[in-house]
Amino acid sequence: MKNPLDSLWGTIICGVILTVVLYYVAHALVGSGAA
Amino acid sequence: MHGVLSDAIARWLHVLSGIMWIGLLYYFNFVNVDAVKAATADGAQGPIVKYVVPRALLFFRWGAVATWVMGAYLLSVEPPLNGMNGFLAAFGLQGSMAPIGIGAWLGTIMVINVWGPIWQSQKKILGMVPATDEQKAKARRIAFLASRVNTMLSIPMLWFMVTGPHQPL
């Protein structure tokens, strides 16, 4: 399987997917935390 | 006691050095990789590698340090949360500090990447430390992938830097 980081588009798409995943992680953390 | 002016100056320097750092990261990934490949296709080390890359790397790695230090200062002057100062609350992903904390963690990983795999490999590639052709080839691959990892991480990092403190999730 080709490494997606070998292409610029693969890198950008991985970054966008990671952003979406971390958005939901942050959302859960904000919801579970005080203040 | 920190002042409004010193916070504003730190924020300004954080953004200026961040542009320097990430701008050069994008230059390396979007421009330099293919440009060097084309310029050195005949096997000779071209002027880009000799004159441009070392200077760009100098501003790149110190821009990363300046960005991190100013960011750490800005977090440390945030109001305390859950009994922790802003810096610890962010890195501890506490409540409302979690989004900027995720950005701070991503930025920290990126700084480590700059001074670790990228710079240590570039020193071999540029001939600043002795290396065999095989070691140089391996260093090229490591530097390339570490740089691509940073480009990937910069996408969520910038999201959380921009939205974290200014826009509720």
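Analyst: This is a predicted model, and the labels below are checked one by one.

User: What makes B:Ala10 partly exposed and not buried?

Analyst: Count the neighbours. B:Ala10 has 19 other C-beta atoms within 10 Å. Buried needs 20 or more, and exposed needs 12 or fewer. The count of 19 falls in between, so B:Ala10 is partly exposed.

User: Where does B:Ala10 sit, and what is it in contact with?

Analyst: B:Ala10 is part of helix α1 of chain B. Setting aside neighbours within four places in sequence, B:Ala10 is in contact with B:Met70, B:Tyr73 and B:Leu74. The cut-off for such a contact is C-beta atoms within 7 Å. As for B:Arg55, 45 residues apart from B:Ala10 along the chain, the two C-alpha atoms are separated by 25 Å.

User: Why are α4(B) and α5(B) called roughly antiparallel?

Analyst: Two packed helices are described by the angle between their axes and the distance between the axes. Here the axes of α4(B) and α5(B) cross at roughly 160° and come within 8 Å. Angles over 145 degrees count as roughly antiparallel. The angle of roughly 160° passes that mark, so α4(B) and α5(B) are roughly antiparallel to each other. By class, their contact has 19 nonpolar, 10 polar and 3 charged residues. The crossing of α4(B) and α5(B) is left-handed.

User: How do you know which secondary structure chain B has?

Analyst: Count the elements. Chain B has 5 helices and 0 strands. Along the sequence, the pattern reads α-α-α-α-α. The C-alpha trace of chain B spans about 60 × 25 × 25 Å along its principal axes. Of the 169 residues in chain B, 33% are buried.

User: What makes up the largest nonpolar core, and which residues touch the most other members?

Analyst: The largest nonpolar core has 34 residues. Members must be buried, and they are joined through C-beta atoms within 7 Å. B:Ala90, B:Ile102, B:Leu106, B:Met157 and B:Phe160 touch the most other members. Helix α1 of chain A and helices α1, α2, α3, α4 and α5 of chain B each supply at least two residues. Take B:Leu106: not counting residues up to four places away in sequence, B:Leu106 touches B:Leu153, B:Pro156, B:Met157 and B:Phe160.

User: How many residues of chain A are in contact with chain B, and what classes are they?

Analyst: 17 residues of chain A are in contact with 20 residues of chain B. The chain A side divides into 12 nonpolar, 5 polar and no charged residues.

Technical notes
Residues numbered from 1 in each chain as written. Chains lettered and ligands numbered in written order. Predicted model: local features only at pLDDT ≥ 70, side-chain atom pairs only at ≥ 80, totals over all residues. Helix = DSSP H or I, 4+ residues; strand = E, 2+ residues; numbered from the N terminus. Contact = placed C-beta atoms within 7 Å. Nonpolar A, V, L, I, M, F, W, Y, C, P; charged D, E, K, R; others polar. Axes fitted to C-alpha atoms, helices over the stretch in contact; angles between N-to-C directions. Parallel < 35°, antiparallel > 145°, perpendicular 65-115°, else oblique. Left-handed = near helix turned anticlockwise from the far one by under 90°.
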